[in-house]
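Biologist: Could you take me on a close look at a single part of this model, and then show me how the chain around that part meets its partner? I would enjoy one connected account.

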Amino acid sequence: MTATPPQPRVNWQAATITGTDAENARTRTLQLQVPGWPGHQAGQHVDVRLTAENGYQATRAYSLAGAPGEDPALTVVRAEGGEVSPYLVDVIQTGDQVELRGPIGGYFVWKPGPRRRPVLLLAGGSGVVPLRAMLRHRARLGDDTPMRLLYSVRSPEQVIYRRELAGQADRVSLLYTRTTPPGWPRPPARLDHTALAGQAWPPEQAPLAYVCGPTTFVEHAAGLLTDLGYTPADVRTERYG
Amino acid sequence: MAVISRGFTGRGQTSNRLPPGQTLTTGFPVLTAGPTPHVSTADWNFTLLTETGTEHTWTWTELRDLPQDSPHTDIHCVTGWSKFDTDWQGVSLDILLAEVETNAQFAQAYCHGGYTTNLPLADLRGGQAWIAHTFDGAPLPAEHGGPARLLVPHLYFWKSAKWVQGIRLLEHDQPGFWERAGYHNYGDPWREQRYWND
Ligand SMILES: Cc1cc2nc3c(=O)[nH]c(=O)nc-3n(C[C@H](O)[C@H](O)[C@H](O)COP(=O)(O)OP(=O)(O)OC[C@H]3O[C@@H](n4cnc5c(N)ncnc54)[C@H](O)[C@@H]3O)c2cc1C
């Protein structure tokens, strides 16, 4: 396993919300302005720190949703009863501030390599965020690395980046686990060996895989990939806990 | 100058058992760079490799036949969660290190799956570190590092290497996997040493 060192300095910085976009009923994208933002790689995350009037602080990790070269943006899904995400989805407004440190992470990142190894992106729920950054990075560069996203989601209402992903239908497959849109060819089902084998680059093509989402999803999906013959060292994972 | 996030109140609980920037969880999140390796206890062994090249290896049965400890401890992950009152069973590194002769100052744990992590050898001594095989009374599940992981709870939990295969004792420090990827070389949660230069 090799890892590329990120920028060595990661200090807390004030970040101002410059815009918000509702992605669906429980998901919002926050556009941020961070003075002196150093830029980031696709797949990296930031730590976000909130401070209350009384000095109480809470910190959580959020992936960077945009491509390198774009301003930092976060896409947050509300975890019911959670401390931080309901605030970021429902309360915070343009002009408000948070603190942020990053970009963080030198391993769960993608950039075009000389060998153009095919890339399989496997997302469970909110785990689509850093993988969307990778798709966007590729598109903005006009890069021709074969890349495919398999996005496991409970129901059509919970899809994030719906329009953007629909615009790349040849590259993106949705897998509904609880309910499907009317007339959907496949009944709702958990990601399994057959579904994955039908979508994944064959191991002979030396693919790289990025798997992101809740721990149970990542454990399951990464296990299926190694069963398919993917080299464990070529399966990079990010578990949202 | 503090940046206040307008309208944020939070749960407002702080506890002096919680290191700075950490949140209490009742779950047991997983931080791993790749898929979970599955290693059977029949194939498992643990090696201490000294700076002079001497190896001392224990099989699974040999490890289980050594005196066992039952550490009860809080654990702190660099991604921001802490878990209180976890119960483990395992063998103290003091017992294992007593079998080898070394003047090394540093250690690097290496694991199935290629993961490595480094720490000063002193942090493995003095009843601070174990090879743990049991969590909450049950065999340690694979996603949490089973059959056995290093347990060094006074440092951020990435130092508690899962699927541990052995520890190299070294004269010179050698940064491990996350330590090369931007995480702090020592990783003390109480000094919030998460990343390089913290
Ligand atoms: C590297 C990384 C990147 C991430 N990127 C993203 C991202 O891009 N987008 C995203 O949405 N998330 C992301 N996450 C997850 C994110 O960091 C948070 O874990 C998530 O937003 C939930 O935080 P919270 O404060 O809302 O919930 P928490 O308060 O942490 O609680 C989590 C859940 O546990 C329950 N819970 C726990 N304790 C209590 C309590 N005392 N009372 C009531 N309920 C409780 C809540 O109901 C909630 O559903 C990422 C995580 C990591 C590690």
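Modeller: Happy to! A residue counts as buried here when its relative accessible area is under 20%. Please keep in mind that this is a predicted model. With that cut-off in hand, let us go to strand β8 of chain B, residues 130–135. Six of its six residues are buried, so β8(B) is largely enclosed by the rest of the structure.

Let us see which strands pair with it. Strand β5 of chain B, residues 81–92, runs antiparallel to β8(B), and five bridges join the two. You can find one of these pairings at Phe135(B) in β8(B), whose bridge partner is Trp88(B). Strand β10 of chain B, residues 149–151, also pairs with β8(B) in the antiparallel sense, over three bridges. Here Leu150(B) of β10(B) stands opposite Ile131(B).

Look for Thr134(B), which has Pro139(B) in β9(B) as its bridge partner. The hairpin formed by β8(B) and β9(B) has two residues between the strands, and in this hairpin Asp136(B) takes a positive phi near 50 degrees.

Now let us step out to the partner chain. The size of an interface is often given as the accessible area lost when the parts come together. Between chain B and chain A, that buried area is about 3400 Å², with 56% of it given by carbon and sulfur atoms. Of the area that chain B buries against chain A, 20% is supplied by Val3(B), Arg6(B) and Phe8(B), more than by any other three residues. Counted by residues, the contact takes 36 from chain B and 43 from chain A.

As for polar features, 15 residue pairs are in polar contact across this interface, with both residues at pLDDT 80 or more. By class, the side of chain B that touches chain A has 16 polar, 14 nonpolar and six charged residues. Helix α3 of chain B, residues 177–180, gives the largest share of that side, with three residues. There are also three salt bridges between the two chains. One to bring up on your screen links Arg11(B) with Glu83(A), where the closest N and O atoms are 4.0 Å apart.

How values were computed
Residues are numbered from 1 along each chain as its sequence is written. Chains are lettered from A and ligands numbered from 1 in the order in which they are written. This is a predicted model: local features need pLDDT of at least 70, side-chain atom pairs count only at pLDDT 80 or more; totals for chains, interfaces and linings use all residues. Side-chain values use heavy atoms; hydrogens and water are left out. Contact means heavy atoms within 4.5 Å. Buried area is the accessible area (1.4 Å probe) that two parts lose on being put together, summed over both. A salt bridge is a side-chain nitrogen of Lys or Arg within 4 Å of a carboxyl oxygen of Asp or Glu. A polar contact is a pair of N or O atoms within 3.5 Å; within protein, one must be able to donate a hydrogen and the other to accept it, and residues adjacent in sequence count only if both atoms are side-chain atoms. Helices (H or I, at least four residues) and strands (E, at least two) are DSSP runs, numbered from the N terminus. Ala, Val, Leu, Ile, Met, Phe, Trp, Tyr, Cys and Pro count as nonpolar, Asp, Glu, Lys and Arg as charged, and the others, Gly among them, as polar. Buried means under 20% relative accessible area, exposed over 50%, partly exposed in between (1.4 Å probe, protein chains only). Two strands pair if DSSP finds at least two bridges between them.
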